[in-house]
Amino acid sequence: MSAADVPGRAFLTADVFTDQPFGGNPLAVLPDADGLDEGAMQRIAREFNLSETTFVLPPTRPDCDLRFRIFTPEIELPFAGHPTIGGVLALVHLGRISPAGDGSPVRVVIEE
């Protein structure tokens with residue numbers, strides 16, 4: 001992978017389905033993946049070598065809030081549960097999705 005694939009892009013790693021660090025199902029999340037092409041996403045996922053890597057993008061559909069593309073080290077997946085849940089939790093951690101202060105549900109529509 002070249003530095004041009006990920007110039008100044010942040011990433012997070014998350015442990016999904018656990019309350020213990022380094023437990024559960026590991027995931028990498030790139031919260032600002034706009035501008036990366038499919039080949040770059042695949043190379044990045046291969047470099048992380050986790051079961052999945054979630055790339056967060058602007059939606060292409062007007063009825064969605066954001067878009068996730070999910071890659072394994074070998075292929076892109078049309079949908080997967082742990083990368084979706086972990087991706088949302090990473091965006092909450094970054095303050096990009098804000099939970100309701102009164103504990104009521106927050107609706108986020110994700111295009112995958």
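Biologist: Thank you! Is Glu38 buried, partly exposed or exposed?

Modeller: Welcome, and keep in mind that this is a predicted model. The residue belongs to helix α1, and its relative accessibility comes to 48%. Buried would need a value under 20% and exposed one over 50%. The value of 48% lies in between, so Glu38 counts as partly exposed.

Biologist: Which residue does the side chain of Glu38 meet in a salt bridge?

Modeller: For Glu38, the N to O distance in the salt bridge is 3.3 Å. This pair links distant parts of the chain, as Glu38 is in helix α1 and its partner is in strand β4, 31 residues apart. The partner is Arg69.

Biologist: How many residues apart in sequence are the parts that the pair of Asp32 and Arg96 ties together?

Modeller: A search of the whole structure finds four salt bridges, and one of them joins the side chains of Asp32 and Arg96 at 3.2 Å, N to O. Asp32 lies in the loop between β2 and α1, whereas Arg96 lies in the loop between α2 and β6, so the parts they tie together are apart in sequence by 64 residues.

Biologist: Let's return to the helix. Which strands do the buried residues of α1 pack against?

Modeller: Helix α1 spans residues 38-48, and its buried residues are Ala40, Met41, Gln42, Ile44 and Ala45. They pack against strands from several stretches of the chain, with residue ranges 25-30, 53-57, 66-71 and 76-77. In that order, the strands are β2, β3, β4 and β5.

Biologist: Which residue caps the N-terminal end of α1?

Modeller: Look for a side-chain oxygen that lies 3.1 Å from the backbone nitrogen of Gly39. Just after the helix, Asn49 takes a positive phi of about 60°, but the cap you ask about is at the N-terminal end, and the residue there is Asp37.

Biologist: What is the handedness of the crossover from β2 through α1 to β3?

Modeller: Start with the strands: β2 and β3 pair in the parallel sense over three bridges, and Ala28 has Thr53 in β3 as its bridge partner. The chain goes from β2 through α1 to β3, and this β-α-β crossover is right-handed.

Biologist: How do strands β1 and β2 run, parallel or antiparallel?

Modeller: Strand β1 covers residues 12-16, and five bridges join it to β2.

Biologist: One last stop: with which side chain does Thr84 make a polar contact?

Modeller: Thr84 sits in helix α2 and, at 13% relative accessibility, counts as buried. Beyond residues up to four places away in sequence, Thr84 touches Phe68, Ile70, Phe79, Ile110 and Glu112. The polar contact, at 2.6 Å, is with the side chain of Glu112.

Note on methods
Residues numbered from 1 in each chain as written. Predicted model: local features only at pLDDT ≥ 70, side-chain atom pairs only at ≥ 80, totals over all residues. Heavy atoms only, no water. Buried < 20%, exposed > 50% of the residue type's maximum accessible area, 1.4 Å probe, protein only. Helix = DSSP H or I, 4+ residues; strand = E, 2+ residues; numbered from the N terminus. Contact = heavy atoms within 4.5 Å. Polar contact = N/O pair within 3.5 Å; in protein donor to acceptor, adjacent residues only side chain to side chain. Pairing = 2+ DSSP bridges. Right-handed = clockwise from strand over helix to strand, strands pointing away.
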